[in-house]
Amino acid sequence: MFLYLDVLFNFRWIDALDILIVGYLLYEFYLLIRGTNAVYVGIGLVIIYVLWKLVELSGMHLLSQIFGAFISVGVLAVIIVFQQEIRKFLLLLGSRNILPGKKSRRFLFWKINDTSPYSLNIEEIIYACLDMSMSKTGALIIISKKNELKEIVQTGSRFKAEVNRDLIKSIFFKNSPLHDGAIVISQNQIIAARCILPVSHRTDLPEEMGMRHRAAIGVTEVTDAVAIVVSEQSGSISVVDHGTIHKNLNLSELEALLKSNFA
C-alpha cells in the first residue's frame with residue numbers, strides 16, 4: 001500500500017510524457033500491422049508478459065523463472081516473428097521517403113509537405129487505360145517518384161521510351177511477350193516492362209482482387225510509387241497510392257488522382 005502511495009506522490013510530469021510517447025508508438029505499430037496475422041501474435045506476447053508479471057507478484061518462483069526465461073529472449077523472438085513488419089517499416093523510412101509527394105504526409109505528430117514536382121504525360125496514360133478498360137485488357141502500370149525502383153526494374157526487360165498510349169497498349173496486348181507483369185514509368189519515360197512486384201500480404205482484401213491488385217498494393221506499401229491497375233475480368237480501373245486502393249474510377253477521377261501526384 002505504502003509502495004503504491006510512494007510511486008503516486010513521486011510521479012513526475014516526465015513520467016506522464018514517457019507513458020504518452022510509449023502509448024503513441026504502440027498505437028503507430030498497431031496501425032502498421034493491422035490487418036495481418038502479426039496482430040494476434042502481438043496480443044499473445046502481451047498476454048505472456050502480463051501473466052509473467054502476475055506470477056512474479058504472486059510469489060510462484062518456479063513458474064516465474066520459466067516465464068522470465070521466455071521473456072529474456074523476447075527481443076530476438078519479436079525480430080523473428082515480426083520480420084516482415086520490421087522490414088516494411090524500415091523500407092517506409094528508407095525508400096518511400098517521409099516526403100512522398102505534393103500531398104502532406106503524417107509522421108507521428110507532424111505533417112510534412114514536399115512541393116517537389118513529378119513531371120508526367122498524364123493524358124497519354126489516361127487514354128491508354130481507357131482504351132484497355134473498354135477492351136478488358138489487363139494492365140499494371142507503376143509510376144515512380146523519388147524512389148527509382150531499381151530493384152524492381154532489374155526483374156524485367158529494360159528499355160527507354162517516351163510515354164505513349166499506343167506503346168502502352170501494345171505492351172499489354174495479350175499476345176505481346178511483355179504483357180505479363182508490370183511496366184515502370186520514371187521521369188516521363190517507360191524504362192522497363194514485364195517487371196515482378198512484391199505482393200501484399202494483407203488479409204482484408206476482397207476475393208475479387210487478383211494478383212495484379214495485390215502486386216499494386218504491395219509495391220506502394222514499400223515505395224512511394226503510384227500504381228494503376230486495369231482489370232482483365234471487369235475492365236475497371238484502380239489507382240493505388242501508399243497502400244490505399246481507389247477502385248472503379250472513371251476518366252475524371254483517374255485524371256484527378258494522377259494530377260494530385262504528378263501535376
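1. At 0% relative accessibility, Ala227 counts as buried (buried is under 20% relative accessible area, exposed over 50% and partly exposed in between, with a 1.4 Å probe and protein chains only). Ala227 is found in strand E7; helices (H or I, at least four residues) and strands (E, at least two) are DSSP runs, numbered from the N terminus. The model is predicted: local features need pLDDT of at least 70 and side-chain atom pairs count only at pLDDT 80 or more, while totals for chains, interfaces and linings use all residues. Residues are numbered from 1 along each chain as its sequence is written, and side-chain values use heavy atoms, with hydrogens and water left out.

2. The protein chain holds 11 helices and nine strands. Of its 263 residues, 38% are buried. The chain exposes about 16000 Å², of which carbon and sulfur atoms supply 61%; accessible areas come from the Shrake-Rupley method with a 1.4 Å probe, and for residues only the protein chains shown count as cover.

3. Strand E7 spans residues 226-230, and five of its five residues are buried. Val226, Ile228 and Val230 lie on one side and Ala227 and Val229 on the other, so that both faces are covered. Ala227 touches Ile141, Ile142, Ala216, Thr220, Ser238, Val239 and Val240, leaving aside residues up to four places away in sequence (contact means heavy atoms within 4.5 Å).

4. E7 has a strand partner in E3 (residues 139-143), joined to E7 by five bridges in an antiparallel arrangement; two strands pair if DSSP finds at least two bridges between them. Ala139 has Val230 as its bridge partner in E7. Five bridges also join E7 to E8 (residues 237-241), again antiparallel, and here Val229 is partnered by Ser238. E7 and E8 form a hairpin with six residues between them, and Gly235 in the turn has a positive phi of about 80°. The C-alpha atoms of Ala227 and Ser238 are 8.2 Å apart, at a sequence separation of 11 residues.

5. Helix H11 (residues 251-261) buries Leu254, Leu257, Leu258 and Asn261. Seen down the axis of H11, these buried residues fall within an arc of 95°, so they line one face of the helix; the arc is that of the directions from the helix axis to the C-beta atoms. Their cover includes helix H7 (122-134), E3, E7, E8 and strand E9 (244-246).

6. The largest nonpolar core has 28 residues, and Ile125, Ile141, Ile143, Ile168, Ile183, Ile185 and Ile228 have the most contacts inside it. A nonpolar core is a set of buried Ala, Val, Leu, Ile, Met, Phe, Trp, Tyr and Cys residues joined through side-chain atoms within 4.5 Å. H7 gives this core its largest share, six residues. Apart from it lies another core, of 22 residues, among them Leu149, Ala192, Leu197 and Met209.

7. Nine salt bridges are counted, a salt bridge being a side-chain nitrogen of Lys or Arg within 4 Å of a carboxyl oxygen of Asp or Glu. In one of them, Glu123 pairs with Arg165, the closest N and O atoms being 3.9 Å apart. Glu123 lies in helix H7 and Arg165 in helix H9, so the pair ties together parts that are 42 residues apart in sequence. Glu123 is partly exposed at 47%, as is Arg165 at 24%. Glu123, Glu124 and Arg165 are linked in a network of salt bridges.
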